[in-house]
Amino acid sequence: ADTASVMRDIRVLASDALEGRGTGTPGNDSAAVYIAGRFAQLGLAPAFTSGDGRLCASVSGSTPRCDARFIQSFVARSVAAMHAGLPAEMPTQNIAAIVRGTDPALRDEYVVFSSHQDANGVRVTLEGDSVHAGADDNATVSAALLAAARAFVRQPGRRSVLFINHGAEERGLLGSRYHVAHPVVPLAQMVAVLNGDMIGRNHPDSASLLGAQPPHRSSSDLVAMALRANELTGRFALDSLWDRPAHPEGWFFRSDHVPYARQNIPSLMYSTNLHDDYHTPRDNP
């Protein structure tokens, strides 16, 4: 994908019109319909056999036509949200699409490319702005999934690929937890989860690979393949030490790969890490 296409997706998802994509809000619904439409536009297959058409009907002007089979609706239930003065039950959704593999012996195995499409909505005002647009967190990875999807449509892998944008990550990984409990394909057929969270800031030539160090590492083979694949590019530094146990905040446990890793599915997370605009209205494109 070219830079202009990636930036266009980020700017749409992180626009003020979507009001920070807060879970259970019209802006979050609009983001879901946009991503579903982009998957359809790129030629991916819907992940689900049916979907909730009410979401498509509620968001006007979607291009191309909204296909509810890309959308897994659920109700996010969050005690933490209730204590924060937000609704305890928030209708939201995961958005997922599939590119089938080419190898008859392997196409029923799935590599999962994972992101979250929600942000923190309209919250604390800072410097006259209250929209937490979530450009880096996590429109960057949602756009990256669309770029990767375009590449796999053009040249499929031997295994199938499941692209999923989870909802309600900011409310406690609720979308990924819901999908693990109601998976579109059996968990036993998911051979790896490659999750991203915040990949657009800090040093442009390096990133962290979380899930590479014990006790968080769920697969030595997957870690070795990721590091080797990165070496072949010759252009990028991939730091596999950032999630060591002493790191504050337990960063490994704060994104959507975690529910999959807890089901013993090999899982990694990519990030360019924290910055001063994280979870503020300054996280703009």
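Colleague: Are F39 and F163 buried or exposed in this predicted model?

Modeller: The model is predicted. F39 lies in helix α2 and F163 in strand β7 (residues 160–166), 124 residues apart. Both F39 and F163 are buried.

Colleague: How is the ring pair of F39 and F163 classed?

Modeller: A pair of aromatic rings is described by the distance of the centres and the angle of the planes. For F39 and F163 the centres are 6.4 Å apart and the planes stand at 40°. Planes under 30 degrees apart would count as stacked and over 60 as edge-to-face, so the pair is tilted.

Colleague: And what is the class of the F74 and Y178 pair?

Modeller: F74, in strand β2 (residues 71–77), and Y178, in helix α6 (residues 174–181), are 104 residues apart in sequence. F74 is buried at a relative accessible area of 6%, while Y178 is at 26% and partly exposed. Their ring centres are 4.7 Å apart with planes at 15°, so the pair is stacked.

Colleague: How is α1 oriented relative to α2?

Modeller: The axes of α1 (residues 3–13) and α2 (residues 26–42) come within 10 Å and cross at roughly 155°. Angles over 145 degrees count as roughly antiparallel. Therefore α1 is, relative to α2, roughly antiparallel.

Colleague: Which residues of α2 make the contact with α1?

Modeller: By class, the contact has five nonpolar, one polar and three charged residues. From α1 come S5, R8, D9, V12 and L13. The α2 side consists of A31, Y34, I35 and R38.

Key: Residues numbered from 1 in each chain as written. Predicted model: local features only at pLDDT ≥ 70, side-chain atom pairs only at ≥ 80, totals over all residues. Heavy atoms only, no water. Axes fitted to C-alpha atoms, helices over the stretch in contact; angles between N-to-C directions. Helix = DSSP H or I, 4+ residues; strand = E, 2+ residues; numbered from the N terminus. Parallel < 35°, antiparallel > 145°, perpendicular 65-115°, else oblique. Contact = heavy atoms within 4.5 Å. Nonpolar A, V, L, I, M, F, W, Y, C, P; charged D, E, K, R; others polar. Phe/Tyr/Trp six-rings, centres within 6.5 Å; stacked < 30°, edge-to-face > 60°. Buried < 20%, exposed > 50% of the residue type's maximum accessible area, 1.4 Å probe, protein only.
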